[in-house]
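Try each task before you read its solution.

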Amino acid sequence: MGKNIQLDSHGRLRHFLSIEGLNRTLLTEILDTAENFVSVGNRAAKKVPLLRGKTIANLFFEPSTRTRTTFDLAEKRLSADVLNININTSATTKGETLLDTLQNLTAMQIDLFVVRHSASGAAHFIAQHVPDSVSVINAGDGRHAHPTQAMLDMFTIRKHKEDFTRLRFAIVGDVLHSRVARSQIHALNMLGCPEVRVIGPHTLSPSHVEDLGVHFTTNMEAGLDGVDVIIMLRLQNERMSGALLPSKGEYFHYYGLTEQRLKRAAADAIVMHPGPMNRGVEIESAVADSGHSVILQQVTNGIAVRMAVLSMAMQQSNPEGA
Amino acid sequence: MGKNIQLDSHGRLRHFLSIEGLNRTLLTEILDTAENFVSVGNRAAKKVPLLRGKTIANLFFEPSTRTRTTFDLAEKRLSADVLNININTSATTKGETLLDTLQNLTAMQIDLFVVRHSASGAAHFIAQHVPDSVSVINAGDGRHAHPTQAMLDMFTIRKHKEDFTRLRFAIVGDVLHSRVARSQIHALNMLGCPEVRVIGPHTLSPSHVEDLGVHFTTNMEAGLDGVDVIIMLRLQNERMSGALLPSKGEYFHYYGLTEQRLKRAAADAIVMHPGPMNRGVEIESAVADSGHSVILQQVTNGIAVRMAVLSMAMQQSNPEGA
Amino acid sequence: MGKNIQLDSHGRLRHFLSIEGLNRTLLTEILDTAENFVSVGNRAAKKVPLLRGKTIANLFFEPSTRTRTTFDLAEKRLSADVLNININTSATTKGETLLDTLQNLTAMQIDLFVVRHSASGAAHFIAQHVPDSVSVINAGDGRHAHPTQAMLDMFTIRKHKEDFTRLRFAIVGDVLHSRVARSQIHALNMLGCPEVRVIGPHTLSPSHVEDLGVHFTTNMEAGLDGVDVIIMLRLQNERMSGALLPSKGEYFHYYGLTEQRLKRAAADAIVMHPGPMNRGVEIESAVADSGHSVILQQVTNGIAVRMAVLSMAMQQSNPEGA
């Protein structure tokens, strides 16, 4: 897939499809822009007129609550007109191709598409077929990427830990099936993190996981040793009874994040999770609700980060317009 | 359940969960505020900027058309940003607990939740777990309460009958399963109504119905004698073929409100129904469409009453801001 | 059905239910008003405040993507408050009649209903039962009419071909089941088109098709000869395996619009389709994507035409208010 499709001729963000193909300057610009939008969420009137009269379509080919809702809120707080389109129940059932559906939507003068799809590459495909004036944001495609999730995670980390170049990270769980982990690893590498460890069973790790620039271990205790940031992944329900895992209980026994295990990490380590959590499967409730957990801050920050990406893609990244 | 959770430290409405725990002054304030909002619905531009930039989430765990739609309209006419969340098809299917779902939504800086749930106490539970700045409105919880419905009924009564302290009421039907009836009875008592009669079969009446301060009778004709206001309840479809009732036809024979029976009431009696009506089951069409019926006025008034409650809970009860 | 229900006492558009009953002056006024709204879609901020504070309900008793979405966008770009009501999943399931549902919605002070229904005459029925201040737009009723689709087609034709009185038309396909074709034929007749040909198998043509003022032929090549505008109809999936048609392949063999057949038409002929297309059934992909095709322009124009009809029905047709 093209590396430059995401940038316009001036090197500014046009589409946001994956962390790959971007650079540290641009990631930092996203984080800085999001910083400006945090204050909008704390105002009495949580609204700026930046995207007034723009039309944004949320194209969700996969169900989602958290991601769809925070995009929806980010768009409304930017004053855009929002179309929520659930593709399962719409024109594709009449036999229309994805490309026809897309061309029809662009003929409706949609300015930006937010796309979630179960197929890796779907957002890239759509970005390759929209007119020059239209932007595409990837809200999760197959096992490939979920770049706004990775950026809200980076934003949350930066709020707690100043310098990415001096941090040690552990990503725990089902990296094999996780678009979130893939985007996180690329972002951490790009921001200069010196050490990222992936922890999980062999059956849930990509076969060449170390090619991503990470260290892999099946030993939870060893993997957590001294880390500053622990990123838990969600264990998809469909994995729990399949050939890859023996049982929920056994998974928790080996890879559940307990208070006991958390002691192996740095004393001021933070714990992250993209949600929704399976309490008692990948994480103990006492940890999820502890002072180490920044899980709900991730949700709040997700709105500011999505406002930043939306406004940057529309080349209007100044929240002072409020 | 706590009696004071609904009020802030200044005795002002913060949550609106049930009529119980409030007082006549506050109920009257709701009715008076709603009076100010009636004019908004009659304007060419039915919109005031009172809640601009506020985010309201309608959390409906049970399906609803009328209540959800009138809340939605009330919120839009107050210029709020509205999220409609149908919980059946969302995150709880991924195994997340209600509390996690709620914490995630509050992390999205929702200002107010409108909640409908099949479990009695659900709105109270949610109100106990939201941050200080967030309000909760109960849009119906199990068999417990439906306080905005009761208040729109009180508002409609007050439009037609000046003084609550001189009126006789009949509530007819399935009081056993009706959160509407429970809230109505509390409101009528609080507003000083001297006589409330409950009419229905023994099988559909709470076992200690008279503890609510009402008179109970199974005799429709006797119950209607001289009343000023007749409140019909909806007979849920699931009751009609169960052990509690022999048949629709027999129910109508004993408890259907016919023109003939209506003659037993005061000459200027009004007839109310929360909708949707089962014509020919609990009410004869000729009565539903007669000059006595104020059923459609209840719907219209519901928007003004909901605008009043929403703006009061957000402490911004002045519609002159338009 | 009444011919004058669509017009108010000053002869202005109040409801838009069918092309029949209107006149050439009014159709031209719709096209001219739409012309003014085209520029709104090309602005950076695609929004005018014409219907601010008005409430519009999209009542879709049948599923739809394109029509519902373009109405939704047209309404939002006019700044109306929009209620999207899918009737399959709402109050009618509680046993309420259509008339009760409608009366409840009008009690909510809805200003305009956009109605799609599988029963011919549904929009007329609703128009006959709303209060004087309320307007109804037919977004497709059974096999009867789809007048906004016909008007967006007329608008698109006028953009390419100046004078309706000098054009030859071919409408190809399932005219028997098509509300689109019926509305197109009435509009073309009213605008003075001298020659409209209907092409299709006998089994898919109304028994007295020539009573509509058109010429009928089963011969695709002969029918296309020298025409200026080719209007393809969608072949409904349910026809493809029924008694009316042998197979998709055979339909394409006789009635599919191929590049070869297109040569029979005028050299500058345009090709239209209401969407969604069945590529390879009623139309060859090379034709759908060729320079003759104006299919995506139809979609774009649909928004401007719907904005025109909505604003005219609300008697506020000046887009300069922006």
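**Exercise 1.** Leaving aside neighbours within four places in sequence, which residues is B:Val114 in contact with?

*Solution.* Step one: list the partners. B:Val114 is in contact with B:Ile56, B:Asn58, B:Leu59, B:Phe71, B:Ile137 and B:Ala139, once neighbours within four places in sequence are set aside. Here, contact means that the C-beta atoms of two residues, placed from the backbone, lie within 7 Å.

Step two: know what you're looking at. This is a predicted model, where local features need pLDDT of at least 70 and side-chain atom pairs count only at pLDDT 80 or more, while totals for chains, interfaces and linings use all residues. Residues are numbered from 1 along each chain as its sequence is written, and chains are lettered from A and ligands numbered from 1 in the order in which they are written.

B:Val114 lies in strand 3 of chain B. Helices (H or I, at least four residues) and strands (E, at least two) are DSSP runs, numbered from the N terminus.

**Exercise 2.** Is B:Val114 buried or exposed?

*Solution.* First, the rule: a residue is buried if 20 or more other C-beta atoms lie within 10 Å of its own, exposed if 12 or fewer, and partly exposed in between, with C-beta atoms placed from the backbone. Next, the count: B:Val114 has 30 C-beta neighbours inside 10 Å, so B:Val114 is buried.

Now try a distance. B:Val114 and B:Asn84 sit 30 residues apart in sequence, and their C-alpha atoms are 9.6 Å apart in space.

**Exercise 3.** In what order do the four strands of the open sheet in chain B run, and which strands stand at the edges?

*Solution.* Start with the order: the four strands of this open sheet in chain B go 2-1-3-4, with parallel pairing. Two strands count as paired if DSSP finds at least two bridges between them. Strand 2 (81–86) and strand 4 (135–141) of chain B are at the edges; each has a single partner strand, so one side of each has no neighbour in the sheet. From one strand to the next, the twist averages 15°.

Zoom in on one pair. Strand 1 (residues 55–60) and strand 2 of chain B are joined in the parallel sense over six bridges. B:Asn58 is opposite B:Asn84 in strand 2 of chain B.

Helix 2 (residues 66–77) of chain B lies across strand 1, strand 2, strand 3 (112–117) and strand 4 of chain B, and it runs at about 180° to strand 1 of chain B. For such angles, axes are lines fitted to C-alpha atoms (for helices over the stretch in contact), and the angles run from 0 to 180 degrees between N-to-C directions.

**Exercise 4.** Which strands are the edge strands of the five-strand open sheet in chain B?

*Solution.* Write down the order: 7-6-5-8-9, with parallel pairing. Strand 7 (215–217) and strand 9 (270–272) of chain B are the edge strands, each pairing on one side only. The twist here averages 20° from one strand to the next.

Look at one pair: strand 6 (residues 195–199) and strand 7 of chain B run parallel, joined by three bridges. B:Ile199 has B:Thr217 of strand 7 of chain B as its bridge partner. Helix 6 (residues 179–190) of chain B lies across strand 5 (168–172), strand 6 and strand 8 (229–232) of chain B, at about 170° to strand 5 of chain B.
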